[in-house]
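User: I would like to learn how to read a protein model step by step. Please take one feature at a time, with the general idea before the case.

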Amino acid sequence: MSQPTVLLSEQEIAHRVRELAEQISADYSDKDGVVLVGVLKGSFIFLADLARALSIPRTIEFIAVSSYD
């Protein structure tokens, strides 16, 4: 089995998540907060990292979807 190709380093991803959080926090700073909605199961780690980086109030919700062939 071959090793997967790394397209973005862990540090690059973390940096971009922080950038996104800063932008979202700025865009919604005058609101009561935001609701983050993630699709289970693939988004939970990203959404947790994003939520922790936000400087505004936030709520997290998840939805489950089925894949169809």
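This is a predicted model: local features need pLDDT of at least 70, side-chain atom pairs count only at pLDDT 80 or more; totals for chains, interfaces and linings use all residues.

User: Which residues of helix 1 are buried?

Analyst: Burial is judged by relative accessible area, with under 20% counting as buried. In helix 1 the buried residues are Val17, Ala21 and Ser25. They cover an arc of only 70 degrees around the axis, so they sit on the same side of helix 1.

User: How many residues does helix 1 have, and what is its reach?

Analyst: A helix can be checked by comparing its end-to-end span with the span expected from its residue count. Helix 1 takes in residues 10-27, which is 18 residues. From first C-alpha to last it reaches 26 Å, close to the 26 Å expected at 1.5 Å a residue.

User: What are the buried residues of helix 2, and what do they pack against?

Analyst: The approach is the one used for helix 1. Leu47, Leu50 and Ala51 are the buried residues of helix 2. Seen down the axis, they fall within an arc of 100 degrees, so they line one face of the helix. Their packing partners are helix 1, strand 1 and strand 2. On the face turned away from this buried side are the exposed residues Ile45 and Arg52.

User: Do the two strands run parallel or antiparallel, and how many bridges join them?

Analyst: Pairing is read from the bridges between strands. Strand 1 (residues 34-40) and strand 2 (residues 58-64) run parallel and are joined by 7 bridges. For one of the pairs, take Val34, whose bridge partner in strand 2 is Arg58.

User: Where is Ile63, and is it buried or partly exposed?

Analyst: A general point about strands comes before the case. In a regular strand the side chains alternate between the two faces of the sheet. Ile63 is found in strand 2. With a relative accessible area of 41%, Ile63 is partly exposed, because partly exposed covers the range between buried, under 20%, and exposed, over 50%. Leaving out residues up to four places away in sequence, Ile63 touches Val37, Gly38, Val39 and Leu40. The C-alpha atoms of Ile63 and Ala21 are separated by 21 Å, and the two are 42 residues apart along the chain.

User: Which peptide bond is cis?

Analyst: Most residues other than glycine have a negative phi, and most peptide bonds are trans. Here the bond from Leu40 to Lys41 is cis, with omega near 5 degrees. Lys41 is in the loop between strand 1 and helix 2. Ser43 lies in that loop between strand 1 and helix 2 as well. Ser43 has 15% relative accessibility and therefore counts as buried. Apart from neighbours within four places in sequence, Ser43 is in contact with Gly38 and Phe62.

User: What does Tyr28 contact outside its sequence neighbours?

Analyst: Contacts between residues separated in sequence show which parts of a chain meet. Tyr28 is in the loop between helix 1 and strand 1. Beyond neighbours within four places in sequence, Tyr28 is in contact with Val34 and Ile56. Tyr28 and Ile56 are 28 residues apart in sequence, with 7.7 Å from C-alpha to C-alpha. At a relative accessible area of 38%, Tyr28 is partly exposed.

User: How do the elements run from the N terminus, and what is the radius of gyration?

Analyst: The protein has 2 helices and 2 strands, running α-β-α-β from the N terminus. The radius of gyration is 15 Å, well over the 11 Å that the globule rule gives for 69 residues, so the protein is more spread out than a compact globule. Along the principal axes, the C-alpha atoms fill a box of roughly 50 × 30 × 15 Å. Of the 69 residues, 17% count as buried.

Note on methods: Residues are numbered from 1 along each chain as its sequence is written. Side-chain values use heavy atoms; hydrogens and water are left out. Helices (H or I, at least four residues) and strands (E, at least two) are DSSP runs, numbered from the N terminus. Buried means under 20% relative accessible area, exposed over 50%, partly exposed in between (1.4 Å probe, protein chains only). The arc is that of the directions from the helix axis to the C-beta atoms. Contact means heavy atoms within 4.5 Å. The radius of gyration is taken over C-alpha atoms; the globule rule is 2.2 Å times the number of residues to the power 0.38.
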